[in-house]
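User: I am new to this structure. Please take one part of it and walk me through that part closely.

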Amino acid sequence: MKKNLSISARLTLVMILLLAVIYPLLIAAVGKLTPGKGKGETISVNGKVVGYERIGQKFTADIYFQGRPSAVDYNAAGSAGSNKGPSNPGYLQLVQNRIDSFLAHNPGVTKEQIPSDLVTASGSGLDPHISPDAARIQIKRVASSRGISMQKVTELVQAHIVQPVFGPAYVHVLKLNVALDEIKH
Amino acid sequence: MTGEITGVILMFLIAVVLAYPLGKYIAKVFKGERTFTDLMNPVERFFYRICGINPGEGMNWKQFLKAMLTINMLWLVYAFVLLVFQDKLPLNPDGNPAQTPDLAFNTAISFLVNCDLQHYSGESGVTYLTQLFVMNFLMFVSAATGIAALIGVLNGLREKTTQNLGNFWVIFTKAITRVLLPLCIIGAVLLAINGTPASYDGKDSITTLQGDSVQVSRGPAAGMIAIKHIGTNGGGWFGANSAHPLENPNYFTNALEMIMQMIIPIAMIFALGFFLNKRKWSVVIFGVMTIGMLCLLIPTMVTEVNGNPAIAKMGISQATGAMEGKEVRFGPAASAYWSIMTTIISTGSVNSMHDSSMPVSGLMQMLGMMINAFYGGCGVGILNYLIYIIIAVFISGLMVGRTPEFMGHKVEAREVKIAALVTLLSAFLVKAFTALAAYMVARHPETGWAVQPGNWLNNPSYHGFSEMLYENTSANANNGSGFEGLGDNNIFWNVTTGFVLVLARFIPIIGPVAIIGLLAAKKFVPESPGTLKTDSWTFGMMTFAVIIVINALSFFPALALGPIAEYFSLR
């Protein structure tokens with residue numbers, strides 16, 4: 001017992017040094033060589049950081065493409081999904097309200113066209129992406145509230161659709177909106 | 001969608017293709033044969049010298065277990081103290097508070113036992129110091145403990161008659177220096193390249209394009225996320241685990257993390273074949289486990305891709321499946337695949353919120369954890385499967401009227417009793433504690449705990465019951481995923497799941513080690529025409545049947561009250 005304890009204590013110290021000190025420092029050193037220097041890549045407009053590339057943000061104004069509902073209101077100090085079950089009546093009412101509010105802000109859109117990712121909360125609450133359909137369906141609203149041509153916005157959306165080899169296609173909401181702001185100038 | 005299905009199939013195939021040579025390598029390492037990692041020899045010898053370990057010294061099964069349990073006990077105390085005093089210790093750039101004693105008790109146990117049930121959120125409940133010195137540290141050593149227990153068992157099976165299961169300290173050290181750490185370094189570097197943070201900088205504050213002020217949590221996460229998967233631990237750096245875009249930035253990292261969590265459990269099956277020179281046996285075990293996995297996976301993928309019927313009734317388009325709790329960059333197919341792999345393998349990391357999964361998926365996730373032996377956790381998956389094998393051997397013996405034998409040793413009353421106890425224990429723990437919780441919700445909803453029982457459940461009705469059942473199932477399987485809507489950071493859940501965790505970790509390790517220790521010490525019985533061939537497909541199917549029967553008898557009534565009832569209410 002005593003021998004076991006003494007070995008345990010010493011082996012624990014050795015392993016702490018190896019696994020909790022050396023290993024993370026090594027990875028941090030490698031991280032310094034990556035584009036975001038291990039701190040997370042950012043997106044800047046005119047030299048000012050407006051967001052993190054991986055982290056989604058909230059857009060409420062009609063002039064911007066909007067992302068998905070978020071359980072943490074896109075504040076990345078935390079992260080969470082809604083954890084609502086598929087049969088929860090309160091949750092289903094919430095989805096219905098989101099559909100109604102979307103239809104009110106987007107005249108001319110029928111509800112069959114609304115893709116489900118626009119009215120359901122993401123797992124992290126920080127999803128930076130929407131599906132291509134979710135972007136296309138907002139083109140008309142964004143174009144008319146900005147007073148620019150539908151064609152221009154459509155081209156922009158088309159240019160922002162990413163189709164990976166295996167995964168689903170997506171549009172990065174922040175990048176699209178940054179590009180949208182640049183049209184004006 | 002075809003691309004997404006292809007992606008899932010590829011993720012599985014790549015993991016198996018990589019696991020095969022890894023299994024061969026692991027067998028070589030623990031047989032003491034020459035490998036290219038022998039360059040670690042001087043380092044290990046240095047470790048043994050300063051720790052007072054005599055690497056040549058063998059251990060019988062009791063000495064082996066004593067060594068294992070002593071060091072585990074020490075880690076528990078160490079982790080508890082650090083968590084309770086984390087606010088006063090350095091490396092806390094975000095100024096996070098200390099954990100309450102009941103939460104620290106739960107957290108320390110949970111990471112010690114390779115479960116990682118997290119009743120806190122990574123962004124606010126721990127500091128960089130505890131993330132690295134408690135979480136990240138325990139993830140390595142608990143995985144190495146599981147691997148060491150399995151290697152001890154294999155050592156017992158390898159010799160005709162032996163008392164010696166090998167030296168626990170040596171096996172444990174090599175599991176880290178030769179297997180876990182090298183794999184983690186590769187994984188962590190790939191994650192860092194893809195944008196997972198690795199620096200020690202604290203939270204950042206920014207103003208968004210629209211003008212909101214938000215903060216962004218960061219930290220040296222990449223290393224921990226690697227061992228979280230390689231060691232089948234599953235505890236996330238961030239609250240949302242691998243759904244978080246910094247913890248799992250893109251489809252490539254999603255595939256990488258998935259392959260990382262599958263690779264050791266599957267490699268261990270092949271290692272068993274190489275180690276014991278019974279390749280056919282390992283192929284049969286792999287086959288049975290894969291059939292079991294497919295039985296759980298296919299229904300889950302189908303329902304997630306088809307979407308939520310209640311939302312379909314509202315008349316919107318669900319071309320991308322059921323999206324509540326899922327991320328656009330992964331989609332429903334890869335999320336469904338992950339949810340099954342993480343529950344059968346006992347990782348418990350998530351890339352979508354299981355609480356929002358369809359009822360059929362929730363059912364399959366829980367079944368995966370109840371069985372807990374389709375691949376299973378680092379080392380312990382095969383130990384769980386071994387228990388099923390012992391029971392199958394016993395039942396087959398009864399059917400043909402012979403004293404059952406396993407690997408050339410007679411299986412007698414004592415061994416079968418241990419196996420039966422281990423199986424019954426999990427059914428007891430899951431159901432008893434779920435019943436207790438349900439009782440508190442129904443009868444004492446206003447008990448003055450940090451979260452009152454009346455507020456525990458995030459969803460009403462059957463789904464609410466599923467939240468409690470899932471939590472206990474996950475604790476019992478040492479899985480760590482959750483129906484996270486459950487308000488579990490209070491003394492009731494922290495303490496009850498704490499006990500479930502300890503019992504459900506160590507008894508299923510002690511049981512098989514003791515069984516094999518007892519068997520290996522017996523006289524060797526040479527194979528005869530009447531011997532039951534445990535490496536045949538017939539016996540494999542027998543084991544599969546035993547798994548189905550035991551788990552159906554144990555858990556069907558509880559599942560009927562939760563996900564099955566919800567399924568019928570939603571159609």
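Analyst: Two strands pair if DSSP finds at least two bridges between them. With that in hand, start with a sheet. The model is a predicted one. In chain A, 3 strands form an open sheet, in the order β3-β5-β4 and with antiparallel pairing. The edges are β3 (129–130) and β4 (161–162) of chain A; each has a single partner strand, so one side of each is left without a neighbour in the sheet. Take β3(A) and strand β5 (residues 170–172) of chain A: 2 bridges join them, and they run antiparallel. One residue pair can be named here. A:Ile130 has A:Val171 in β5(A) as its bridge partner.

Chain B has a strand pair too. Strand β1 (residues 204–207) and strand β2 (residues 213–216) of chain B run antiparallel, joined by 4 bridges. B:Ser205 has B:Gln215 in β2(B) as its bridge partner. β1(B) and β2(B) form a hairpin, with 5 residues between them. In the turn sits B:Gly211, with a positive phi of about 105 degrees.

Now the close look: helix α7 of chain B. This helix covers residues 168–193, which makes 26 residues. From first C-alpha to last, α7(B) reaches 36 Å. That is close to the 38 Å expected at 1.5 Å a residue. Yet the helix has a kink. The kink is about 35 degrees and lies at B:Leu180, shortly before the proline B:Pro182.

Look at the ends next. B:Asn167 caps the N-terminal end of α7(B). A side-chain oxygen of B:Asn167 lies 2.9 Å from the backbone nitrogen of B:Trp169. Past the other end, just after α7(B), comes B:Gly195. B:Gly195 takes a positive phi of about 110 degrees.

How covered is the helix? Mostly: 20 of the 26 residues in α7(B) are buried. B:Phe172 lies in this helix. Its relative accessibility is 0%, and buried means under 20%, so B:Phe172 counts as buried.

What touches B:Phe172? Set aside its neighbours within four places in sequence. B:Phe172 is then in contact with residues of chain A, A:Leu11 and A:Met15. In chain B, the contacts are B:Trp75, B:Val141, B:Ala144, B:Thr145 and B:Ala148. One more residue gives a distance to check. B:Phe374 is 202 residues from B:Phe172 in sequence. In space, the two are 24 Å apart, C-alpha to C-alpha.

Notes: Residues are numbered from 1 along each chain as its sequence is written. Chains are lettered from A and ligands numbered from 1 in the order in which they are written. This is a predicted model: local features need pLDDT of at least 70, side-chain atom pairs count only at pLDDT 80 or more; totals for chains, interfaces and linings use all residues. Side-chain values use heavy atoms; hydrogens and water are left out. The expected span of a helix is 1.5 Å times one less than its number of residues. The bend at a residue is the angle between axes fitted to the seven residues ending there and the seven starting there. Buried means under 20% relative accessible area, exposed over 50%, partly exposed in between (1.4 Å probe, protein chains only). A polar contact is a pair of N or O atoms within 3.5 Å; within protein, one must be able to donate a hydrogen and the other to accept it, and residues adjacent in sequence count only if both atoms are side-chain atoms. Contact means heavy atoms within 4.5 Å.
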